[in-house]
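Welcome! Please take a moment to look over the sequence and the 3D view below, and then we can walk through them together.

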Amino acid sequence: MQVLFSSSTESPDAQGLGVVPYPITRLKPGKSVPHMGWNCAWRAWPGEGEQLMREEDDYYFVHSYAAILPSSDPSSSTLGEVAYTLSRYGEETFVSSVRRGNVFGTQFHPEKSGSAGLDLLRRWLEAPISAVSTTTPLSSIPSSPCTWQPSNPSSSRKTGTGLTNRIVACLDVRSNDAGDLVVTKGDQYDVREKDTTRGVRNLGKPVELAQKYYAQGADEICFLNITSFRSSALLDQPMLEVVRAAAETVFVPLTVGGGIKDTVDPDGTKRSALEVAGAYFRSGADKVSIGSEAVIAVEEMLERETRGESRMTGRTGIETISAGYGSQAVVVSIDPRRVYVESIEEVSPAHRPCAIRGSEATIRRAESEKDKIWWYQCTISGGRDTRDIDVIQLAQGVERLGAGEILLNSVDRDGSGLGFDLDLVNLVKKSVAIPVVASSGAGCAGDFVELFERTGVEAGLAAGIFHRGEVGIGEVKAELGRKGLSVRQSEGNNLL
Ligand code: 1PR
């Protein structure tokens, strides 16, 4: 859509097509940027022309730049003529779709907006030719100022940023002992059955489960290839096939993680992280998630900093992928582990900003933790190795390198059902300006209420409770709705 406009501060040297004589500018700070998630759109000119979109639907947005209306007097904007819908993110109102004759552009992603997006595409394709003909006189567009506030109050979210609270279903995928890819789940990253003769815990087939969660109304699906740090992701054709098959029937964003890094195939062929990510994007992934390599990249960046050298090299996976595909396509998955200490002096000064005293912690905790002190140390290789870097250093480091979102796990809470580690989530959320997806520990729908009410994160992710059928995604959304927290209203998404 943006190329239809005259210019963009994202690429000051390139001109747009100028179909819409207005500049694209970056969303203002003060809220998480990119604007990532589900938001509503309302008709700029209610009652005019074809009804291509339903106002009560939410659509999936992911962008850092937009055609933003002037805040002083938005209704006076000349944009009105071609603005088909408007949307709001925080204090900013922007054009979320444009239409001029048979030119129609959306700032959001209909192909990733579940049933609402498919419905929009169908309406557009089925609109009578007269409605999309370039000969439609522009005079049919009202000359009065556009409606820069939602006309239907039920479709607007009056408070907050405008985004709904996202619910993400996570599928940890790995080969079982027979070589088949299965969805697995353990606790504290141990996915083997306690009975050692039974091998890797098998909770279902990845594509079938993704379809099930999509139908239940998941806002996003995340696949983590949890053994890929051992091999080359590009040789891992079954994982690429899983993403391809899922993308054919699941029309919400797909994130794929595991093994997104520079690798060398057994025959000596070098593969860059950018190539690996590109293979996943071409298979249908919307974002890639980088784990272990992000830790190494930030460690090296901090070392360069202490030597007084330039922080960026432009060569890390985070940098190359975000330069090539945009920062919104790069998620960093963080796997922190608590380190308990007797006194704060035991924590090195560099890591003290992420030290927590049990007596002041906000999490639901065992009584025995009350007198303890801990900090959050980062791990790599699925929690196997710890590194001398803490969760704040890592979160801020990857943001500087160009990551667009953080997926925040907790080795301690993983599979515990004790609820999210709210202290950890708050530490990270306050340290960065990119969206944060909180993960690990969800045991009931109320845990999501507590998460969104007490941390302000953009999304909550769970695995075990969904896989074991203990809590459904619909149940989580209903509970959030009852507590007045906004969720994408969907009766579920229909599979084609
Ligand atoms: O290091 O770039 O190859 O990425 C590997 C990825 O695989 C990382 O994102 C890492 O978090 C993940 N991973 C590696 N080993 C495991 C494991 O479980 N053995 N899974 C693993 C991490 C955590 C979440 C889980 C939540 C929610 N799993 O994905 O889904 O904790 O669980 P819950 O709701 O049941 O509590 P790289």
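One of its oxygen atoms sits 2.8 Å from a polar backbone atom of glycine 259. The side chain of aspartate 414 also takes part, with an N or O atom 2.7 Å from an oxygen atom of the ligand. How much of the ligand does the protein bury? On its own the ligand exposes 770 Å², and 98% of that is buried by the protein.

Widen the view and you will find 26 residues around the ligand, of which Ser292, Ser333, Asp335, Asp414 and Ser440 come nearest. Sorted by class, this shell has 13 polar, 9 nonpolar and 4 charged residues. Strand 10 (166-175) supplies at least two residues of the shell, and so does strand 24 (459-462).

## Aromatic pairs

Now let us turn to the rings. A search of the whole structure gives 12 aromatic pairs. One of them joins phenylalanine 61 and phenylalanine 94: the ring centres are 5.8 Å apart and the planes stand at 90°, so this pair counts as edge-to-face. Where in the chain do these two residues lie? Phenylalanine 61 belongs to strand 5 (residues 58-63) and phenylalanine 94 to strand 8 (residues 92-100), so the pair links distant parts of the chain, 33 residues apart.

## Two backbone details

As background, most residues other than glycine have a negative phi, and most peptide bonds are trans. The peptide bond from valine 33 to proline 34, however, is cis, with omega near 10°. You can find proline 34 in the loop between strand 2 (20-26) and strand 3 (35-40).

The other detail is at serine 381, which has a positive phi of about 50° although it is not a glycine. Look for serine 381 in the loop that runs between strand 20 (373-380) and strand 21 (385-390).

## How confident is the model?

Finally, a word on confidence. The chain has a mean pLDDT of 88, with 86% of its residues at 70 or more. Which residues stay under 50? That stretch is 135-141, where the model has 6 contacts beyond four places in sequence. Where pLDDT is low, the predicted coordinates should not be read in detail.

Definitions and conventions:
Residues numbered from 1 in each chain as written. Predicted model: local features only at pLDDT ≥ 70, side-chain atom pairs only at ≥ 80, totals over all residues. Heavy atoms only, no water. pLDDT = per-residue confidence, 0-100. Contact = heavy atoms within 4.5 Å. Near = heavy atom within 4 Å. Polar contact = N/O pair within 3.5 Å; in protein donor to acceptor, adjacent residues only side chain to side chain. Areas by Shrake-Rupley, 256 points an atom, 1.4 Å probe, with all protein chains shown as cover. Helix = DSSP H or I, 4+ residues; strand = E, 2+ residues; numbered from the N terminus. Nonpolar A, V, L, I, M, F, W, Y, C, P; charged D, E, K, R; others polar. Phe/Tyr/Trp six-rings, centres within 6.5 Å; stacked < 30°, edge-to-face > 60°.
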